[in-house]
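Subject: Structure handover

Hi,

Here is the structure for you to look over. My notes follow below.

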Amino acid sequence: MANQAKGISTVRKNLTKSEMAARQEAEKLVVTNPIIAVIVFAFFIYHIPNPLNNFFIKVCQGITEKVGFIKNVHDSNIKNIIYTIISSLTVIISVISAIYVFSYREQKSVAPSASTDSQKNKWVFLVICCMIFNVVFGSLIVSKYTRLMKEHGYNKESLSVTKEIFSGDLLLLSTLLLLVSLIIKLFSHLFKNMSVDKMLEDSVKNTSKLFDKIVYANRSPIFKKLLEKRYKQFHYSLESVFQNFKFAAENNMNKEFQDNIDKFDELVIKKFNQYTERYGIGFVHTYLIHEDGNQLLEAYRSALRSNFSLISSLMKNQQYNKAQDLVNLHFKMYIREEQFVRLFQNNLAIYLDTLDTSDEKQLSIFLQGISKLPSSQTFFVHKYVVMKLINKNQLINLTNAVYDFKKRYYAHPILRDSFVVILLQNLIKSIEISNYAIAGFLVKFLVTNISGEAINRGLRKVKARPTLFTSIWEEQQEKENEDSFKGINEHPVYPIKINEETFKYCLRKAFILLYGQYSYSIRKKLWFVKKWNETGGEIKLSEEFGDADYSVDYSEYIITKTQTASSKYGLLFFEDTETMKSIYSELNVTYPDSSKSSDRPLSEVISLLINKFL
């Protein structure tokens, strides 16, 4: 019974989708079929006299006599009226062309992608077809009037010719009225396109309608071309929305900008994550990814890139409030499904590359945005932001980023270890580029907020895998169905990295700095060490320098180099003799005897003092 019910449900689903697809195909043909029908009808009317023409004339004469505004109408009058109307159509064509060109240029200057608007093109096509028909058919009617009026015995004061071709006159009158109606609708659409607020509102609504048509379209092979056309229109429509947003933002149309961002979120973005039982679809994004694959992903990529491009433009122009709205919209586009996540993260990598980290407002907006993503997927983002700040020596903004980093991950025991690893990687990077003040800040931050045991564990992880959190998809298995991710499986790697050749040297310097600051804090019993309940030996400095590959001379060289720049780090342990002796002992290096400095010649002492001062 269950299988039978499932089968019936499937049949119903296919039937309803077939019906909907048939309606869509009918919509596609509704423009051309009536035109063909009218042409065929006109052909028969023109060549075959209608026996009811005499009756139609009497009815029309009776109506006009009662109204009293038309009297003594003859064939020549009707012929002249038709000729005048046909001649005037050429003037109307010129006027329509001028308005259309002006509207097209206006629309293209605001939103180039909107120039592909199929609705406007449909009205233009209908007007042109109707106008051509009226000119051709009207000319044929006039020529027939002329020919019949020249025949022998024709009474100029009669309606004898009209009686033969009156059905043609009625058809021409009907198509002229239709033409007037189409011109009014076309003008309405064209003038609407010259109104920016209407363009923006219509672009959002059209995008929503196109998305609905895509969701509920039939996926049968016979409708493949129609579906591809829908996706192409959807792609252009998305671009048009953000182009209109850009124009509204640049021209300070604040209300229109804000209102339509809310509408776009409600009418388009939320539909991606919508769940519907209609036709057994379920979650819309899952259904579309299964049915259409890369077609949907390309549209999703287009929306992300268009929005990001607008965010960058607004940030450069310091329109932070509008940029904030678009950043919020950008992160609302995040969809928790692997293909969408990949595209989103790849786009986020581009966003990070262009982020101006010297602009505190930009950085704040960005950090607020990524706080809406799952914590496990933003390690690489925070790592890259911090590393970029280190490279540009922006200590103030770095402190904001690091504390935001802590707020996001510190409370989660599993994520905390990854947080420590990333900070240690950035510490090593700051040592590599001799950014002493930032290195000192990171050392103090780690020692103040992280236990010695966790720091040591993090150092071991970094030593084993220096490139952790470098690539977005480094944790993904390579054995995947690549067809599912065609065009999006880019595995981007950020350009800022730790130099492999100097990694071990900088790692050992980091060990010394962390051990020294940590030991000093334990020795002085500072307030933050009480919560760890540790003795001071948790960071294994001696184990790191105990490798057979490294001699005592090399250890002495590293500690000497580190101590030479001691005043630049801003770390107090360099001034504490007991802590420094402990470091030398851990390195198995003899601590220098300070009394020897008194035996130096006066000239050498003066030279050392001058060098120290400089």
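At what angle do the axes of helix H14 and helix H15 cross? The answer is roughly 165°, and the axes come within 11 Å. Bear in mind that this is a predicted model.

Helix pair first. H14 covers residues 360-370 and H15 covers residues 379-391. Angles over 145 degrees count as roughly antiparallel, so H14 is roughly antiparallel to H15. The crossing of H14 past H15 is left-handed. On the H14 side, the contact is made by Leu363, Phe366, Leu367 and Ile370. H15 contributes Val381, His382, Val385 and Leu389. What is the make-up of the contact of H14 with H15, by nonpolar, polar and charged residues? It has 7 nonpolar residues, 1 polar and no charged.

Now the rings. The count comes to 25 aromatic pairs. One of them is Phe308 with Tyr351. Their ring centres are 5.6 Å apart. Their planes sit at 55°, so the pair is tilted. Phe308 belongs to helix H11 (residues 294-316). Tyr351 belongs to helix H13 (residues 338-354). The pair therefore ties together parts that are 43 residues apart in sequence. Are these two residues, Phe308 and Tyr351, buried or exposed? Both Phe308 and Tyr351 are buried.

There is also a ring cluster to look at. Ring pairs link Tyr403, Phe405 and Tyr409 with Phe419, Phe441 and Phe445 in that cluster.

Best wishes

Methods:
Residues numbered from 1 in each chain as written. Predicted model: local features only at pLDDT ≥ 70, side-chain atom pairs only at ≥ 80, totals over all residues. Heavy atoms only, no water. Axes fitted to C-alpha atoms, helices over the stretch in contact; angles between N-to-C directions. Helix = DSSP H or I, 4+ residues; strand = E, 2+ residues; numbered from the N terminus. Parallel < 35°, antiparallel > 145°, perpendicular 65-115°, else oblique. Left-handed = near helix turned anticlockwise from the far one by under 90°. Contact = heavy atoms within 4.5 Å. Nonpolar A, V, L, I, M, F, W, Y, C, P; charged D, E, K, R; others polar. Phe/Tyr/Trp six-rings, centres within 6.5 Å; stacked < 30°, edge-to-face > 60°. Buried < 20%, exposed > 50% of the residue type's maximum accessible area, 1.4 Å probe, protein only.
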